[in-house]
Structures are given as structure tokens and as C-alpha cells.
Amino acid sequence: MKTIKLILLSTILLAGCSVSIQTYDFIHHGSESLNTSSSFKYVEQNVTGKAKTTYYPQKWRKNQDKETDGLISTAKQNLFDMYPLENNQALANVSIDVITTTKGKPAGLSGVVIPDAITVEVVVSADIIEYY
């Protein structure tokens, strides 16, 4: 009887808890595509552009914001809006980071998480070089 009460109490306590799981992925493009035989200088280092969206699985799809251009494209456009390239300039050492955060509640003692919100953030970072 004590074991059943303990399991019930644990289930009730865990049902009220919120769980957050974060995953990370990245892509790096170095300077192999650049013309490194020409002289160049670094104009800016570690410039970034970001984009983020949140999806709510419990809501109707038509009631959610949609990212029409894609997160990587939006993050890249944000980078160019803040740091517009001039003549003879290019991006070097481009990194694309994708961070996914899932928030939800545990489904009992099974270890499964029922998501309430899934947030995806993309960060595009690069160096700006100028050929001379």
C-alpha cells in the first residue's frame, strides 16, 4: 500500500513539472571557397544574424505564425541588413547554428515529453573580408 501511495504521489508531483529539452546542430563553411591567392583584409569579425520561431503543437496550424522564407534565409537577411556588403567584400568562415528547444510536460514515468512549445532559433555568423 505504501508503494502505491508513493507512486501516486510521484506521478502527481511530476505531472505539474515542466520539462525543457534543448538540442544543438551546426554547419561551418570555412574559407575554402574564397580566392585566398588575392590580398584581403578582415573588415568585421563574428557578425551575426538571427531568426526564431515557435510552434505550438496543441494549437490549430492556421492560428500560428509562419516563417515563409525559412529561418536560415531570414537570419542571413538580418545579417546583411545590419552589415551590408560593399564592393569587393565577401563573407568568410560562415557558421550556421540551429538551436531547438522543446518545452512540455512529462507523460508519467515513461520519460516521454508531451510538447507544449517547440522553439527553433537559427544564428548565422561570419567574418567580412575585403579584397584589395
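User: Hi! How exposed is asparagine 93, in terms of relative accessible area?

Analyst: Hello! This is a predicted model, and in it asparagine 93 has a relative accessible area of 22%.

User: Thanks! Where is asparagine 93 placed?

Analyst: You'll find asparagine 93 in strand β3, which covers residues 89-106.

User: And what is the phi of asparagine 93?

Analyst: Phi is near 55° there, a positive value in a residue other than glycine. For background, most residues other than glycine have a negative phi.

User: Which strand holds asparagine 46?

Analyst: Strand β2, made up of residues 40-55.

User: Is asparagine 46 buried or exposed?

Analyst: Asparagine 46 counts as exposed, because its relative accessibility is 56% and the exposed class starts over 50%.

User: New topic: where does asparagine 88 sit?

Analyst: Asparagine 88 is in the loop between α2 (71-82) and β3. Asparagine 88 is exposed, with a relative accessible area of 54%.

User: What is asparagine 88 in contact with, leaving aside neighbours within four places in sequence?

Analyst: With that condition, its contacts are Ile129, Glu130 and Tyr131.

User: How many residues apart in sequence are asparagine 88 and tyrosine 131?

Analyst: They are 43 residues apart in sequence, while in space their C-alpha atoms are 5.4 Å apart.

Notes:
Residues numbered from 1 in each chain as written. Predicted model: local features only at pLDDT ≥ 70, side-chain atom pairs only at ≥ 80, totals over all residues. Heavy atoms only, no water. Helix = DSSP H or I, 4+ residues; strand = E, 2+ residues; numbered from the N terminus. Buried < 20%, exposed > 50% of the residue type's maximum accessible area, 1.4 Å probe, protein only. Contact = heavy atoms within 4.5 Å.
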